[in-house]
Structure formats: C-alpha cells, structure tokens
Amino acid sequence: HPDRAAVVKRIFATIAAGYGCRHMAARLNEEEIPTADGKKWNSNQIRRIATNPAYFHDHIAPRKANHK
C-alpha cells in the first residue's frame, strides 16, 4: 500500500482536479488502501485532511525559503 504522504498528495491532487471528498474516499476504498488506522475511508476523513492547515501548507501553499 502507498505510504501516507503519497495518499495525502493524491487527495489534494484529486480535489484540485474538481472531484469531491466522497469520490476520493470511494476510489481509495476500491483500491483497498486503508486509513492510517487500517479502516475504510469516508468523506469526513478526506475533508479533515483537505482542510487541515498542516497538510494544506505542505501541499497547496508551500512555504517559500527566505532569501536574504
């Protein structure tokens, strides 16, 4: 199974492409990719990842290095 970072990147890419949280959860479940705790995905879990500021900054708005 893909590692967690790869799944998170895929979630953001799929949402950015215009698909919803329910669609993403269904795809991950169809591919038998479990959540971090080994369960099936649901739209609320996808939404929590997509709106988590820590993930958002890492995947959507990367921090720019300070160049002085």
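Start by selecting Glu31 and Arg10: they form a salt bridge, with the closest N and O atoms 2.7 Å apart. The term salt bridge here stands for a side-chain nitrogen of Lys or Arg within 4 Å of a carboxyl oxygen of Asp or Glu. Glu31 sits in the loop between helix 2 (21-30) and helix 3 (43-51), and Arg10 in helix 1 (residues 4-16), so the pair ties together parts that are 21 residues apart in sequence. Helices are DSSP runs (H or I, at least four residues), numbered from the N terminus.

Before moving on, a note on the source: this is a predicted model, in which local features need pLDDT of at least 70 and side-chain atom pairs count only at pLDDT 80 or more, while totals for chains, interfaces and linings use all residues. Residues are numbered from 1 along each chain as its sequence is written, and side-chain values use heavy atoms, leaving out hydrogens and water.

Now colour by accessibility. Glu31 is partly exposed, at a relative accessible area of 41%, and Arg10 is partly exposed at 29%. The classes are buried (under 20% relative accessible area), exposed (over 50%) and partly exposed (in between), using a 1.4 Å probe and protein chains only.

Next, select Glu30 and Arg27. Their side chains meet in a salt bridge of 2.7 Å, N to O; the structure holds two salt bridges. Both residues lie in helix 2, three residues apart, about one turn of the helix. An α-helix has 3.6 residues a turn, so residues three or four places apart point the same way. Glu30 is exposed, with a relative accessible area of 57%, whereas Arg27 is partly exposed at 25%.

Go on to helix 3 and look down its axis. Which residues of helix 3 are buried? They are Gln45, Ile46, Ile49 and Ala50. At the start of helix 3, zoom in on Asn42, where a side-chain oxygen reaches to within 2.9 Å of the backbone nitrogen of Asn44.

Finally, show helix 1 and helix 2 together. They pack at an angle of about 140 degrees, with their axes 10 Å apart.

Definitions and conventions. Helix = DSSP H or I, 4+ residues; strand = E, 2+ residues; numbered from the N terminus. Polar contact = N/O pair within 3.5 Å; in protein donor to acceptor, adjacent residues only side chain to side chain. Axes fitted to C-alpha atoms, helices over the stretch in contact; angles between N-to-C directions.
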